[in-house]
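Please open the model in a viewer and keep the selection panel at hand.

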Amino acid sequence: TIVTISFFRLKNNPWMRASLSVLKPAIIGLIASAALMLMNAQNFIDYKSWIIFASVFLASFKKVDPILLIVLSGIAGFFLYYPF
């Protein structure tokens with residue numbers, strides 16, 4: 001709460017804007033490196049996992065809600081990999 005209050009007080013400060021604009025590329029790089037670290041043989045075990053990945057990747061370019069993509073990919077993984 002204190003951080004949020006401080007942010008709203010300082011959001012129009014030019015120093016704050018400059019520091020946040022510098023952080024954006026660093027945050028994007030951290031997210032990209034985490035995604036690349038997860039792309040290994042233990043996570044992509046067969047063609048079904050590649051299909052789920054490709055469909056979510058393409059849907060993200062169509063601006064589909066990320067929370068919806070996570071839930072739908074979890075449901076798809078459950079039905080594809082759960083031994084009935």
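Contact here means heavy atoms within 4.5 Å. This is a predicted model, in which local features need pLDDT of at least 70 and side-chain atom pairs count only at pLDDT 80 or more, while totals for chains, interfaces and linings use all residues. Residues are numbered from 1 along each chain as its sequence is written, and side-chain values use heavy atoms, with hydrogens and water left out.

Select Ser 49 in helix H3 (residues 47–61); helices are DSSP runs of H or I with at least four residues, strands are runs of E with at least two, and both are numbered from the N terminus. Setting aside neighbours within four places in sequence, Ser 49 is in contact with Asn 43, Phe 44 and Tyr 81. Ser 49 counts as buried because its relative accessibility is 10% (buried is under 20% relative accessible area, exposed over 50%, partly exposed in between, with a 1.4 Å probe and protein chains only).

Next, select Tyr 82, in the segment after helix H4 (66–81). With a relative accessible area of 43%, Tyr 82 is partly exposed.

The C-alpha trace spans about 55 × 25 × 25 Å along its principal axes. Of the 84 residues, 7% count as buried.
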